[in-house]
Amino acid sequence: METNLVDNCLFCKIIKGEIPADIVYDDDKVLVFRDIDPQAPVHLLIIPRQHIARINDIGPAEASLIGHIHLVAVELAKKFSISETGFRLVNNCNDDGGQAVDHLHFHLLGGRKMNWPPG
Ligand code: AMP
Ligand code: ZN
């Protein structure tokens, strides 16, 4: 279901296999790989296989996809043994949110104590 991929998008290139990634999970809707610059012992990026630039762009049609991403996050938290110790699931949107890659992604971070408030 690799629809709507964008030529100059880094994460679309990972989906197409044009750029390597350390993929830890994939299915027909999402791909999950290790962040190249990990900010915690476990730092995974969960991305939809369809190009959606940012969370502002989702609508009712994406409700099940966003739900699925959360189910995958919970499953991977268990698989990577951060379920009980705790983890953070983060989406950065636009400049103030710190978004660097314009393809929707959720960071799954764990394996260390997180700070609050975030920087
Ligand atoms: P954000 O700042 O929320 O847009 O997050 C983008 C994330 O993508 C950062 O944590 C980067 O370290 C990560 N990243 C950038 N390029 C790659 C890559 N080629 N493979 C894996 N992660 C990447
Ligand atoms: Zn993309």
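Which polar backbone atom lies 3.0 Å from an oxygen atom of ligand 1? The atom belongs to V101. A polar contact here is a pair of N or O atoms within 3.5 Å. Two further contacts concern the backbone: A100 places an N or O atom 2.6 Å from an oxygen atom of ligand 1, and a polar backbone atom of I36 is 3.2 Å from a nitrogen atom of the ligand. On its own, ligand 1 has 510 Å² of accessible area, of which the protein covers 82%; such areas come from the Shrake-Rupley method with a 1.4 Å probe.

A word on conventions. This is a predicted model, in which local features need pLDDT of at least 70 and side-chain atom pairs count only at pLDDT 80 or more, while totals for chains, interfaces and linings use all residues. Residues are numbered from 1 along each chain, chains are lettered from A and ligands numbered from 1 in the order written, and side-chain values use heavy atoms, without hydrogens or water.

To return to the ligand, its shell holds 15 residues, with D35, G98, A100, H105 and H107 the closest; a residue belongs if one of its heavy atoms lies within 4 Å. By class, seven are nonpolar, five polar and three charged, with Gly counted among the polar ones. Helix α1 (10-16) and strand β2 (30-34) each give at least two residues to this shell, where helices (H or I, at least four residues) and strands (E, at least two) are DSSP runs.

The whole structure contains one aromatic pair. F11 sits in helix α1 and F33 in strand β2, 22 residues apart. Both F11 and F33 are buried, that is, under 20% relative accessible area, with exposed meaning over 50% and partly exposed in between.

Finally, the backbone. Most residues other than glycine have a negative phi, and most peptide bonds are trans. S81, in the loop between α2 and β4 (87-90), has a positive phi of about 60°, and S81 is exposed, at 58% relative accessible area. N94, in helix α3 (residues 94-97), also has a positive phi, near 60°, and N94 is partly exposed, at 32%. A cis peptide bond joins W116 and P117, with omega about 0°; P117 falls in the segment after β5.

Definitions and conventions
A polar contact is a pair of N or O atoms within 3.5 Å; within protein, one must be able to donate a hydrogen and the other to accept it, and residues adjacent in sequence count only if both atoms are side-chain atoms. Rings of Phe, Tyr and Trp (its six-membered ring) pair if their centres lie within 6.5 Å; planes under 30 degrees apart count as stacked, over 60 as edge-to-face and the rest as tilted. Buried means under 20% relative accessible area, exposed over 50%, partly exposed in between (1.4 Å probe, protein chains only).
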